[in-house]
Amino acid sequence: MNDNNYILGIDTSNYKTSVAVTDRKGNIVCDYRELLKVKQGEKGLRQSDALFQHIKNLPRLLEETMNIHQYDFDAVAYSSKPRPMENSYMPVFLAGEGYGKAIAAALRVPAFEFSHQEGHIEAIKAYSRHRDKERVLACHFSGGTCEVLRVKDNDRGYDIDIVGGSMDISFGQVLDRLGVQLGMPFPAGEEMDRIAVNADSESQCLTPVKANDGWINLSGIDTQARRTLADMYISDATPVIRELFHKMSDAIVAMIKQCTEKTGISDVIMAGGVTASSFIKEAISRAPESTGIDVEFGDGKLAQDNAVGIALLGGRFLWR
């Protein structure tokens, strides 16, 4: 093993190829990401198409990482599955797993595998005021995930239990479906957030999303919003988009409050692309229901899909 104290992290999620390097102190030395291409008007990618794009993207990102910076790595870490549980599987992670194992073998350094979800949590927690807490609640809200998690540190990553979330679709799916309907490129969350933040008015046409014991359903407001805007031009959509974000924020606050009450954990971190929303962050931060709950959003860029958390987990395991 060399003495350079660098970890290479690789993550190949549904919609982004990510490569990152962190050092022994947890500094982010480089962070490269490439969004997968989705055809205009489509609402996602087949796993085979996403896997193919990862295989094309990784050599370029890895070459840029290694040739420009010329690191000598102590270990390689990669995400091999969506969640840290048995039978969790998606083909897209085969790309990162394959490259991670091959690079580690060629360099004769250890290879460590983690889950995509653990990487999301670590990318926020490691730089937050909750970094030394053994137990936290983590809200993982993204394009395909809407879960409130009870998280406990272990020797290799995290023990995770789902204690709340959506019982049907995710916040990200609601935003992406509506955005694509309105002619926005997929994924549409960032553009929808920008519209919500800058809106001058808010409609009053959507039904609130009710939370029960930390659980919600989102298919109702998804259908309602898309039907409401079905015959409108995009310029007319702004007030509805703002109300949608408002209703989503209220639902998140209710879920967090109910999950803190039933778990006794009041330290909360926000992870996943949806939590990078400026509107949601502001709404939750000033919600009176959040009194007594310590919610940490962290860097919005690290809330999105990235390989930083995976690299950090590799370093934490190697140098524990």
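The side chains of Glu-122 and Arg-316 form a salt bridge, with 3.6 Å from N to O. A salt bridge here is a side-chain nitrogen of Lys or Arg within 4 Å of a carboxyl oxygen of Asp or Glu. The pair links distant parts of the chain: Glu-122 sits in helix α3 (residues 116-125) and Arg-316 in helix α10 (residues 308-318), 194 residues apart. Helices (H or I, at least four residues) and strands (E, at least two) are DSSP runs, numbered from the N terminus.

Glu-122 is buried, at 7% relative accessibility. Arg-316 is partly exposed, at 28%. Buried means under 20% relative accessible area, exposed over 50%, and partly exposed in between (1.4 Å probe, protein chains only).

## Basis of the model

This is a predicted model: local features need pLDDT of at least 70, side-chain atom pairs count only at pLDDT 80 or more, and totals for chains, interfaces and linings use all residues. Residues are numbered from 1 along each chain as its sequence is written, and side-chain values use heavy atoms, leaving out hydrogens and water.

## Other charged pairs

The structure holds 21 salt bridges. One of them joins the side chains of Arg-83 and Glu-147, at 2.8 Å from N to O. Arg-83 lies in the loop between β4 (75-81) and α2 (93-107), Glu-147 in strand β7 (residues 146-153), and the two are 64 residues apart. Arg-83 is partly exposed, with a relative accessible area of 22%. Glu-147 is buried, at 9%.

Arg-150 and Asp-161 also meet in a salt bridge, at 3.8 Å from N to O. Arg-150 is in strand β7 and Asp-161 in strand β8 (residues 158-166), so the pair ties together parts 11 residues apart in sequence. Both are partly exposed: Arg-150 at 30%, Asp-161 at 40%. Elsewhere, salt bridges link Glu-34, Lys-37 and Arg-60 in a network.

## Overall fold

The protein has 10 helices and 11 strands. Its radius of gyration is 20 Å, close to the 20 Å that the globule rule gives for 320 residues, so the protein is as compact as a globular protein of that length. The radius is taken over C-alpha atoms; the rule is 2.2 Å times the number of residues to the power 0.38. The C-alpha trace spans about 60 × 45 × 35 Å along its principal axes.

Of the 320 residues, 53% count as buried. Among contacts (heavy atoms within 4.5 Å) between residues at least 6 apart in sequence, 73% join residues at least 24 apart.
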